[in-house]
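Colleague: I'm new to this one. Can we look at it together and go through what the labels rest on?

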Amino acid sequence: VVYGNQIWITTATMDGQQLYAVCVDYQTGKIIFDIKVFSAEEAIGKHGINTYASPTPCIEKGFVYVHFGSLGTACLRTSDGSVVWKRTDLKCNHVQGPGSSPVLYKNLLILHYEGTDVRYIVALDKSTGKEVWRTDRPEEPYNPLPRIGKKAYITPLILNIKGRDLMISNGSALCCAYDPLTGKEIWRVVRGAESTVPMPFAERGIVYFYTGSMEDPPPTYSEMLAVNPDGQGDITGTNIIWKRRDDISHTQILTPIIKDGLIYTVSSRNNLLCIDASTGKEIWTQRQRSDHNASPVYADGNVWFFSVKGEVLAIRAGRNYKVITQNQMDSGIWATPAFLRNSVILRTEKYLYRISK
């Protein structure tokens with residue numbers, strides 16, 4: 001995350017015992033702060049493609065908020081790197097490591113804990129770290145799922161629908177809309193199972209999201225759903241506009257991008273897709289060589305894609321496939337880059353880059 005002349009990232013030792021926040025000068029790349037925020041008392045498991053510092057921080061004037069799932073959450077002053085508050089008591093069994101990023105909303109820092117044991121959302125006072133509200137996920141949609149399938153790694157989306165803010169949060173068994181000020185559930189769509197990762201996305205008042213993986217019937221697949229978010233209660237049977245099946249080779253990781261009625265994504269089988277947002281129909285597809293875990297980014301008329309083998313592809317946004325540029329970085333790209341001020345901030349496995357236009 002970037003604010004002013006500071007870039008903040010999180011990182012961890014390979015065993016997850018030491019967790020850090022690092023601040024880098026935007027102009028020069030010099031490290032300003034390298035802060036050990038937590039020393040974990042006990043090790044937790046993680047997936048081979050995950051890290052102990054996958055959640056993205058969030059930042060505002062004067063403060064950065066770093067989150068390591070059940071290993072801890074902290075608020076740091078950006079002026080000197082000092083700790084304002086810490087929380088290490090919020091827990092769940094991630095099984096495959098943390099993945100949900102924190103979200104700032106007014107005076108709240110909102111965190112998602114979606115484990116095999118417990119699933120809840122908690123809002124903290126961003127100034128003090130004290131709990132303001134906590135909402136447990138409804139149990140009944142999760143009861144039919146195997147224990148390992150109840151976890152999820154999503155980051156919520158907050159959007160305004162007819163003058164009302166909604167927090168859209170898709171867990172493994174269902175997607176819910178909550179009042180972000182109170183945590184009260186507004187509506188739910190019951191659909192999906194097993195390890196949802198991509199966050200919801202929206203355009204023109206319609207919400208889109210991936211379900212977790214399902215097998216009814218086999219082979220394993222997930223679905224992309226388009227939902228009218230203006231509703232109350234269980235809207236599964238009334239507000240789904242379309243759904244699109246995606247047979248998967250592994251869990252979908254990236255969050256698609258939507259621009260001017262077109263959805264751009266890369267499937268788990270490495271097909272780069274352009275989808276009509278009004279119908280869910282495929283407009284074009286192009287086969288890619290590698291997995292894509294970083295989410296695509298729209299910038300200045302182009303859509304950028306980044307692979308786990310360091311391949312960078314930019315295409316012109318539109319209904320026709322047109323390559324603008326292709327590049328190869330030094331190593332894999334797992335984190336979604338940031339585009340700002342005619343530059344891209346890009347994190348590979350080995351380095352943090354600022355590349356100017």
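Modeller: Let's start with a term: contact means heavy atoms within 4.5 Å. By that rule, and leaving aside its neighbours within four places in sequence, Thr 182 is in contact with Trp 133 and Thr 135. Before we go on, this is a predicted model, where local features need pLDDT of at least 70 and side-chain atom pairs count only at pLDDT 80 or more, while totals for chains, interfaces and linings use all residues. Residues are numbered from 1 along each chain as its sequence is written, and side-chain values use heavy atoms, with hydrogens and water left out.

Colleague: Where is Thr 182 found?

Modeller: In the loop between strand S15 (174–178) and strand S16 (185–190). Strands here are DSSP runs of E, at least two residues, numbered from the N terminus.

Colleague: What makes Thr 182 partly exposed?

Modeller: Buried means under 20% relative accessible area, exposed over 50%, and partly exposed in between, with a 1.4 Å probe and protein chains only. Thr 182 comes out at 43%, so it counts as partly exposed.

Colleague: And why is Ser 169 called buried?

Modeller: Its relative accessibility is 0%, so buried it is. Ser 169 belongs to strand S14 (residues 164–170), and its contacts beyond four places in sequence include His 112, Ile 121, Arg 137 and Tyr 178.

Colleague: Why is the pair of Phe 201 and Tyr 208 called stacked?

Modeller: Rings of Phe, Tyr and Trp (its six-membered ring) pair if their centres lie within 6.5 Å; planes under 30 degrees apart count as stacked, over 60 as edge-to-face and the rest as tilted. The structure holds nine aromatic pairs. In this one the centres are 5.4 Å apart and the planes at 15 degrees, so Phe 201 and Tyr 208 are stacked. Phe 201 is buried at 6%, and so is Tyr 208 at 4%.

Colleague: What makes Tyr 351 and Tyr 353 edge-to-face?

Modeller: Their planes are 70 degrees apart, with 6.0 Å centre to centre. Tyr 353 is partly exposed, at 25%.

Colleague: How do you know that Arg 245 sits over the ring of Tyr 221?

Modeller: A charge sits over a ring if NZ of Lys or CZ of Arg is within 6 Å of the ring centre and within 35 degrees of the ring normal. The charged end of Arg 245 is 3.7 Å from the centre of the Tyr 221 ring. Arg 134 lies over the face of Tyr 120 too, at 3.6 Å.

Colleague: What about Asp 260: buried or exposed?

Modeller: Exposed, because its relative accessibility is 52%. Asp 260 sits in the loop between strand S22 (257–259) and strand S23 (262–266), and has a positive phi of about 55 degrees although it is not a glycine.

Colleague: Why is Arg 341 called partly exposed?

Modeller: Because its relative accessible area is 47%. Arg 341 is in the loop between strand S30 (338–340) and strand S31 (343–347), with a positive phi of about 50 degrees, and is not a glycine either.

Note on methods. Helices (H or I, at least four residues) and strands (E, at least two) are DSSP runs, numbered from the N terminus.
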